[in-house]
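Me: I've just opened this one up and I'm new to it. Can you walk me through how the labels get decided?

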Amino acid sequence: MVTLQEAAETRAVRAAARRAAPRTRRGIAWWQPVVVLAVLVGIWYAAAAYYDHVRGLAFLVPYPHLVAKAIVAPTMPDGSPSTFGSDLWSALGRTTVVSLTGLAFAIVIGVVWAMAMAQAKWLENSLYPYAVVLQCVPILALVPLIGALFGYEFVSRVIVTVMIALFPMVSNTLFGLQSADRAQRELFQLQRAGRFAQLVKLQFPAALPSIFVGLRTSAGLSVIGAIVGDQFFQRGNPGLGVLIQVTASRLMGPELYATILIASLYGVAVFLVFGLIGRLAVGRWHDFS
């Protein structure tokens, strides 16, 4: 017969194993992306060598070390210092301002829009199709109209960012608000709780995991929206989108790839930051991944 002490020791061993297992998996998994990165860099070098020595078009696929040099210590063809480095970081700062501003508006509009639709089925049927239409409208077709109405500078860039980043916030927030436990809803109704009390005390807390999933998705899309808007509206202070077009038109291969790389890393950083915020906010009581 198993004694109480032996049972307690068994439970303690199992609990320790469960706590150690995730750490082991994380410790093993770190090298896998590194291996993939090394393979990708090797393929990049091979493609660069092909375009350099076979095709004679080295600017199309520059060597990775030249791209890294363009980011860290850019120089002119004659070896003199280049202003590309300062232009790159200035453009990144402007793109950051546009993307975060558009993301803030997308969060507020998306949450309010979803809350309104969650109050009644007829509101959802009336408003949700327009969220889908907004997601499906080609932005390029609206560029002349947006530019004519709001100008071709900061405001128009933010509008394009909001249009691209809005739908995930609306759809995920609405899904989360509607996923509140039915038994708890009935309990609130038995207690004669009003719609506002149900929304604040039941639906919104239940929707937090879905809201943060939408926030993480919209955060990545906001970077895309800021760069796309920057390419459409080229007046005012240029961002990464304008810098991409300038370097491409001047056949500045390393600088073009450097700008694209920085834009991609910024998008990944924004995605990871908001994913971390979501884990800190709801990770202790919900499996947020």
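Me: What makes Asp230 count as buried?

Reply: Asp230 has a relative accessible area of 3%. Buried means under 20%, exposed means over 50%, and partly exposed is in between, using a 1.4 Å probe and protein chains only. So Asp230, at 3%, is buried. Before we go on: this is a predicted model, where local features need pLDDT of at least 70, side-chain atom pairs count only at pLDDT 80 or more, and totals for chains, interfaces and linings use all residues. Residues are numbered from 1 along each chain as its sequence is written, and side-chain values use heavy atoms, with hydrogens and water left out.

Me: Why is the pairing of Asp230 with Arg157 called a salt bridge?

Reply: The term needs a side-chain nitrogen of Lys or Arg within 4 Å of a carboxyl oxygen of Asp or Glu. For Asp230 and Arg157 the closest N and O atoms are 2.8 Å apart, so the pair qualifies. It links distant parts of the chain: Asp230 sits in helix α9 (residues 195–232) and Arg157 in helix α7 (residues 154–178), 73 residues apart. Helices here are DSSP runs (H or I, at least four residues), numbered from the N terminus. Arg157 is buried too, with a relative accessible area of 3%.

Me: How many salt bridges does that rule give?

Reply: The count comes to 2. Glu124 and Lys121 also form one, at 3.5 Å from N to O. Both belong to helix α5 (residues 121–136), 3 residues apart, or about one turn of the helix.

Me: Why are α2 and α3 called roughly perpendicular?

Reply: The axes of helix α2 (residues 31–54) and helix α3 (residues 64–72) cross at roughly 100° and come within 9 Å. Angles of 65 to 115 degrees count as roughly perpendicular, under 35 as roughly parallel, over 145 as roughly antiparallel and the rest as oblique. That makes α2 roughly perpendicular to α3. Val41, Trp44 and Tyr45 of α2 meet Pro64, His65 and Val67 of α3, where contact means heavy atoms within 4.5 Å.

Me: And how do you know that Thr259 is buried?

Reply: Its relative accessible area is 0%, so Thr259 is buried. Thr259 lies in helix α11 (residues 253–282). Leaving aside neighbours within four places in sequence, Thr259 is in contact with Phe84, Leu88, Leu240, Leu243 and Ile244.

How values were computed: Helices (H or I, at least four residues) and strands (E, at least two) are DSSP runs, numbered from the N terminus. Axes are lines fitted to C-alpha atoms, for helices over the stretch in contact, and angles run from 0 to 180 degrees between N-to-C directions.
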